[in-house]
Amino acid sequence: MLRTVNRKRLDKARAKRDAKRRAEQRRATDVRASARAPLDRSQIEALAGFTPRDGTRLGVILGGSRFEGSSGALCTLDVLDLDQAAFAAPGQIAALSLEERVKAAMPGLRRLTLKFLPHGMAINPSRPAESAWFEKWGPGAAYLDVAAGSVLGTIAALPGHHFYGHGAFSPDASRLFVVETNLETRDGVISVRDPSDGFKSLGEFPSFGKKPHDCVLLRDEGLLAVTNGGGPLGSDDSGNVSFIEVESGRLVEQLIVSDVRRNAGHVALDAKRNLAMVSAPREGLSPSELGGVTLRAAGKQRWTHVNQPPEVTQRMLGESLSVCIDVATDTAWVTNPTGDLLSAWRLRDNALVRSQDLPAARGVCLSLDQSMLCVSHAEGAELALLAPDTGALLSLQPLALRVFGGSHLYAWAYPGQ
């Protein structure tokens, strides 16, 4: 009798395992099917603003990394061409030794060595192979030819100032607007640089707040949207997003962060003018307190700090770091490294679309053809590819590892000849 019972238990367990395996296979098929139709060539060109080289579909993912070694820190700009990269199923990747995986991951991957950790990128619209990169809260900035893998020059901060990671070129590439902070007063300024003359300063205008960080140029309106982190907790200098007319330096609109315990960090805006802004704990608070996300749908005057559902928003510990908008669904994707959280929010009604565990989720962007969501994650710094409509892990993943350990990811393409 005991032998019969055990046989029944074994058969039941085997059937359960087989059913689970079949379900996983169906999900893998469903994930491939759920990946939306990629943009066509003309749509990719319109999105990029230039003509990529032949064969471009997924595009190139860019982001910074920092490695600590016995001889000091090594900072790199990681350049992964997804159209050339090696892919495998997660189970196959897990079976590889570290040496095997590093060797197999070489196709499509390059690293440019820099003297600082590159944080934010500003592409030159007239020369899309070239871009300016800035250090987060420091003096480092450089102008790179990413296609050639070379440093063309450095950019010096204004006297008594530091960069805080971001900048934007004017549409005609005649000016570069750079976010800087006065080290003594913490007042923010936007320096206006001349790309034709070693990025010398042509002047400056205020950011209309303390400790500015991110900026996005709204080309049609001639406005620069700037996030100002704000002063310490208890001060009157709350975080804000300021919309500044670049020709006059005039403040056109300012959105104040309503929660005094949070700052203004990174911001994403799309062509419709949907807005998503992520926050970290205000200066003076523990870095493990709550961050969050604030949303404003296109056409609305007010913005809303999201606080529902609490089982998700209470997991947004520390800095809500990176944000991007999926224009196909008007959805904002947000990462929280400390909370091991990736979440998606519908802009029209501020509702949660989905949330999922992802260890140390950091940078997030869509592939150039908008068919994949790219997220850097894990302590060892890896790149995960997800279906943007479901959030599910795609059946094939890049072999590249120890890449994109910094804050952001950017989709780009090698320009055509």
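Visitor: How many helices and strands does the secondary structure of the chain come to?

Guide: In this predicted model, the chain comes to five helices and 29 strands.

Visitor: In which order do the four strands of the open sheet stand?

Guide: The order is S9-S10-S11-S12, with antiparallel pairing. Strands S9 (161-169) and S12 (200-210) each have a single partner strand, so one side of each lacks a neighbour in the sheet. On average, neighbouring strands of this sheet are turned by 25° against each other, direction ignored.

Visitor: How many bridges join strand S10 to strand S11?

Guide: Six bridges join S10 (residues 176-182) to S11 (residues 187-194), and the two strands run antiparallel. As one case, Glu180 has Val189 in S11 as its bridge partner.

Visitor: Which residues form a nonpolar patch on the surface?

Guide: Leu98, Val102 and Met106 form this patch, and together they have about 270 Å² of accessible area. Leu98 has its place in helix H4 (residues 98-104).

Visitor: Why is Leu98 classed as partly exposed?

Guide: The class follows from the relative accessible area: partly exposed lies between the buried limit, under 20%, and the exposed limit, over 50%. Leu98 is partly exposed because its relative accessible area is 45%.

Note on methods:
Residues numbered from 1 in each chain as written. Predicted model: local features only at pLDDT ≥ 70, side-chain atom pairs only at ≥ 80, totals over all residues. Heavy atoms only, no water. Pairing = 2+ DSSP bridges. Axes fitted to C-alpha atoms, helices over the stretch in contact; angles between N-to-C directions. Patch = residues over 30% accessible without salt bridge, like charges linked within 9 Å, V, L, I, M, F, W, Y side chains within 5 Å. Areas by Shrake-Rupley, 256 points an atom, 1.4 Å probe, with all protein chains shown as cover. Salt bridge = Lys/Arg side-chain N within 4 Å of Asp/Glu carboxyl O. Buried < 20%, exposed > 50% of the residue type's maximum accessible area, 1.4 Å probe, protein only.
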